[in-house]
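Have the viewer open as you read.

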Amino acid sequence: MPVARLRPLLLAPVVLMALAIVTLAKRPPFAEAPLDYLFDASTGVVLVVAGLVTWARRPSAWTGPLIVLAGYLWYVGSLYVILPDRPANELLARLPFLGFALRGYYDPILAFVILTFPGDRLETRRDRLAIGALLALMLAHSAWRLIGVRPGIGPGNPPDAPANPLFLITDTGTFVTGDEILTAAVGAALVLVAVVVLLRRRRIRPGARRATDPVLIGGAIWAGLAGLYGIGAYTHEVLRVDIVPWEGPGWTAQYLLRMLGPLGLLVGAIRVRGSSAAAIALMAGPDGPPRGIDMERTLRRTLDDPGLQLLQFGPGTGWLDSTGRASALPAPDADRATTLLERDGTPIGAIVHDVTLLDDPALVRTVAAAVALAMDNERLQGDLHAQLEEVRASRARIVEAGDLERRRMERDLHDGAQQRLVALAVSLRTIRSRLGPDVAPPVISELEAAGDLVKAAIDEVRELARGLDPSILREAGLGAAVQSLADHSSIPVTVAIDLHGRLPARAETAAYFVAAEALANAAKHSEASAVTVTATQAAGLLSLEVADDGGGGADLEGSGIRGLADRIAAVGGTFAVDSPLGAGTRIRVSIPCAS
Amino acid sequence: MRVVIGEDSLLLREGIARLLVERDIDVVGQAGDLADLLAVVDSTGPDAVVVDIRMPPTFTDEGLQAVQAIRAKHGTAIGILVLSQHLDARFALGLVSNAEGGLGYLMKERIADVDDFVDALRRVARGGSIVDPDIVRDLLAYRQRDVIGTLTDREREVLTLMAEGRTNAAICDRLAIGLKTVEAHVNTIFSKLGLEPAPGDNRRVLAVLAFLRRAAEPEPRRSNAGQSPGSRS
C-alpha cells in the first residue's frame with residue numbers, strides 16, 4: 001500500500017522541526033525579529049507536510065515527493081547554522097559556501113509543481129519556457145557562485161574557511177556585479193513564473209477551481225514575491241531604490257505572504273478531486289464494490305463531481321444510464337468529458353465527468369480501471385446468476401415433464417388396462433352364468449380362480465397407478481395424501497401434519513413423493529417398528545420430516561434418495577438424510593411454498 | 001327396474017348391460033360421455049343410473065357432474081351408482097354422506113360380483129346410500145386407534161354392514177343373528193360413537209357415513225401456541 005510505504009517519511013516533519021528549532025536558536029539576530037525566523041524556519045516544515053499529504057492522496061504522481069524535496073531544499077541555504085563555528089572537517093567547513101551557491105532550488109521545483117498541480121505534466125509551451133528560463137538562470141547563478149565565492153563572502157563563510165578549489169573569478173567587484181545581475185534575472189524569471197501561473201488559472205473554468213485556486217493563487221504570490229525580492233535586491237544594491245520593504249512590518253508580511261505558497265499546496269492537496277487511494281477504497285465497500293446507481297453516487301462523491309454520470313454498455317442493450325434507462329453517449333463539450341470503460345478492448349461503459357478531471361490523467365485511468373473491473377464483475381455475476389437460474393428452471397422442467405408423464409401413464413392404466421381387466425372379470429361372470437347347471441365342478445372352480453386372478457390384477461394395477469400419480473394428492477391435498485400413505489403402510493405410521501390449507505402443487509407433489517419414498521424405504525429396508533411423518537409450514541417454507549426407528553445406514557447414493565434430492569432441488573428446496581447405522585433414518589426437506 | 005348406463009368403454013358398457021339384462025333388469029339407455037348420458041336420462045326417465053366417474057370429455061369428474069345435473073333436474077327420483085377405479089375413502093364418503101340418499105359409490109370391479117352389484121343398484125333405486133365394502137373395510141382397518149378401536153369385532157361387523165347401506169334385516173341375514181341382537185348392537189355402536197339414534201334405515205346409514213367421513217379427515221390443525229403472530233406468511 002502506498003500509504004504504508006510512506007510511514008517512515010512521516011518522521012520527516014519531526015526531524016525538520018528539530019532542524020528548524022536549531023535554526024531559530026542559533027541565528028544571532030533571532031531575538032530581534034523572532035516572527036521572521038519562525039515563519040522562515042516553519043516554511044520548510046509546511047512544505048514537507050503538504051508534500052506528504054499530496055503523496056498519500058496520489059501515490060502515483062510525482063507531485064508529493066517533489067513538494068517534500070522542496071521542503072528539504074528550503075534549508076540548504078541555512079544549513080551552516082547547525083555547524084560549530086570552526087569545523088575541523090574540510091567538507092563541513094565548506095558547507096556554508098555550498099549552501100550559498102546551491103540555495104533556492106525549491107523555487108523551480110515548486111514552480112513546476114504549481115504549474116502542473118494536481119497532475120505532473122506541463123500544459124503549454126509558455127509554461128515550459130518559464131520553468132526552463134528559471135532553471136537555466138538558477139544554474140547559471142549557482143555556477144557563478146561556485147567559481148566566484150572566496151572565503152569571507154556569503155553567510156557563515158568566515159575569511160579563514162578553506163579555499164574554494166573552483167575559485168576562478170579573482171576580481172570581487174566583477175563577481176558581485178555578476179551575482180547581483182543573476183539574482184535580478186532569477187527574480188525576473190520568478191515573476192514570469194507568477195504570471196504564467198495566473199494565466200494557467202484563467203484557463204480553468206471558474207466552477208472547477210476549488211482545488212487549484214489555493215495552489216495557483218498561493219503559488220503566484222510565492223513566486224511573485226520571490227521574484228520581486230530578487231529584483232529588489234538588485235535595485236537596492238545597484239540603483240539604491242527599494243521596490244520592496246527590507247525591514248519592519250512589511251518584511252514580516254512578505255514572510256507571511258510567502259507562506260501562502262506551501263499552505264496553498266496543502267489545502268489543494270486536501271481539496272483535490274478524488275485520489276487513487278479513494279478510488280481503490282471506493283471499490284472495497286463493506287459489501288464489495290457498489291453497484292449501479294450506488295456506484296454512480298460513490299463516484300460523484302469520490303471525484304467531487306455532482307454531475308458525473310455512469311453509463312453501461314451492452315451489445316444487446318446499447319447505452320444505459322444508472323437507473324437502467326436507455327441513454328446515449330453524450331458528445332464531449334467544453335464542460336463534460338467522456339472516459340470509456342473497456343474490458344478486453346470492448347466498451348462496457350463510460351464515465352461522463354467534468355472536463356477538469358482530465359487534469360489528472362493518472363486518477364482518471366485508475367478510477368476507470370477500477371470501475372470497469374467492478375462493472376465487469378457485476379456483469380459476470382449476473383451471467384452466472386442467469387445460468388444458475390436456467391439450470392434450476394431446466395431441472396424444474398424435467399421434473400414437471402416426469403410428473404406429466406406419470407399422470408399420462410396413470411390415466412392410460414386406468415382407462416386402458418384396468419378397464420379391460422374389469423371387462424374381463426365381467427366376461428368371466430357372464431360365461432359362468434351362461435354355462436348352466438350341467439358343468440363339471442372343476443370347470444366352475446377354474447373359472448372362479450380365473451376371476452380371483454383378474455381381481456388381484458385389478459388391485460395391483462390400481463396400486464401401480466396410485467404410485468404413479470396419487471389422485472388424492474391433487475383432490476384432497478398433502479395431509480390427506482400422506483394419511484392415505486400411512487393408512488396403507490405395513491409399519492405403524494404416526495402422522496402429524498399442520499398446514500394452512502392447500503399449498504402450491506409443485507411443493508405438495510415434491511413433499512408427497514419424499515414421504516412416499518421414505519415410507520416405502522422404511523417398510524422395505526429399515527426393519528423399523530414405527531415411523532413418524534411430521535409436516536409444518538412457517539415463513540413460506542414447508543418442512544417435512546420422516547423418521548423411523550430402524551437400522552439406519554440408508555444408501556445415500558441409491559437411485560431412490562438421489563431422485564428425491566433432485567426433485568427437491570428442482571423446486572428450490574433443501575434435502576437432508578441422516579441415517580447412522582443402528583440409529584434410525586431421518587429424512588428432512590424444506591420446500592419454498594409461498595403462494 | 002329401468003336403468004341407464006354411462007360408461008365410455010364400449011366393452012365394459014356392453015358387459016354391464018348383458019349382466020343386468022340377465023338379471024331381468026331393463027337397460028333403457030347407454031351413453032359414452034356426459035352430454036349423451038344426460039340426454040338419455042332426460043328422455044328415458046330411468047329408476048337408476050350407473051355412471052363411470054371418469055368419462056369424456058375431460059376424464060376427471062364427469063360422473064360427479066352427472067350426479068349434480070340429475071339431482072338438480074330429477075331430485076331423488078333417480079338413484080345413481082357411481083363407479084370408480086380409486087379406493088378413495090374420503091372422496092366416496094364425501095359424495096354419499098352429503099346426499100339425501102339414492103346415491104352409491106362402488107369400486108368398478110364390484111360389477112363382477114354380480115349379486116352385490118345388482119343388490120346395490122336396486123337399493124340405490126329405492127333411495128338407499130351405498131359405500132363400497134372395500135372402502136368401509138379400508139376405513140375401519142386403519143382407524144383402530146380412535147373410537148372405532150373400542151368396538152368389539154361383532155360390533156365392527158355390524159358397523160361395516162351399516163356403512164355399506166344394509167338394513168337391520170339384511171344384517172340379520174348376513175350375520176345369521178336375531179333382529180333383537182342386531183338392534184342391540186346398533187344401539188351400542190351409536191352410543192360408543194356418540195351419535196344420536198336415527199330413525200329410518202337411510203338416515204341411520206347417513207349418520208354412520210358422516211361419522212366415518214369425519215374420522216377420515218386429516219388430523220385437525222394443532223394449536224398455534226408458541227408461534228409468534230407474524231410468523232405465518
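## Where the chains meet

In this predicted model, 29 residues of chain B are in contact with 35 residues of chain A, with contact taken as C-beta atoms, placed from the backbone, lying within 7 Å. On the chain B side, α1 (10-22) and α4 (89-97) each supply at least two of the residues that touch chain A. The largest share, 7 residues, comes from α1(B). Sorted by class, that side of chain B has 12 nonpolar, 6 polar and 11 charged residues. Here Ala, Val, Leu, Ile, Met, Phe, Trp, Tyr, Cys and Pro count as nonpolar, Asp, Glu, Lys and Arg as charged, and the others, Gly among them, as polar.

A quick word on conventions: residues are numbered from 1 along each chain as its sequence is written, while chains are lettered from A and ligands numbered from 1 in the order in which they are written. As this is a predicted model, local features need pLDDT of at least 70 and side-chain atom pairs count only at pLDDT 80 or more, while totals for chains, interfaces and linings use all residues.

## Chain B

Chain B has 10 helices and 6 strands; these are DSSP runs numbered from the N terminus (helices H or I, at least four residues; strands E, at least two). Buried residues make up 45% of its 233 residues, where buried means 20 or more other C-beta atoms within 10 Å of the residue's own, C-beta atoms being placed from the backbone. Among contacts in chain B between residues at least 6 apart in sequence, 65% join residues at least 24 apart.

What order do the strands take in the open sheet of chain B? The 6 strands run β2-β1-β3-β4-β5-β6, with parallel pairing; two strands pair if DSSP finds at least two bridges between them. β2 (26-31) and β6 (129-131) of chain B stand at the edges with a single partner strand each, so one side of each has no neighbour in the sheet.

Helix α2 (residues 34-44) of chain B packs on this sheet and touches β1, β2 and β3 of chain B. Its direction makes about 150 degrees with that of β2(B); axes are lines fitted to C-alpha atoms, for helices over the stretch in contact, and angles run from 0 to 180 degrees between N-to-C directions.

## Chain A

The sheet in chain A is open too, with 4 strands in the order β2-β1-β4-β3 and antiparallel pairing. Its edge strands are β2 (318-320) and β3 (336-343) of chain A, and each pairs on one side only. Helix α14(A) packs on the sheet, touching β1, β3 and β4 of chain A, and its direction makes about 50 degrees with that of β3(A).

| Strand pair | Sense | Bridges | Facing residues |
|---|---|---|---|
| β1 (309-314) and β4 (346-354), chain A | antiparallel | 4 bridges | A:Gln312 and A:Gly349 |

α14 (residues 361-435) also meets α18 (residues 559-570) of chain A: their axes come within 8 Å and cross at roughly 120 degrees. The contact is made by A:Arg395, A:Ala396 and A:Val399 of α14(A) and A:Asp566, A:Arg567, A:Ala569 and A:Ala570 of α18(A). By class that gives 4 nonpolar, no polar and 3 charged residues.

Methods:
Two residues are in contact if their C-beta atoms, placed from the backbone, lie within 7 Å. A residue is buried if 20 or more other C-beta atoms lie within 10 Å of its own, exposed if 12 or fewer, and partly exposed in between; C-beta atoms are placed from the backbone.
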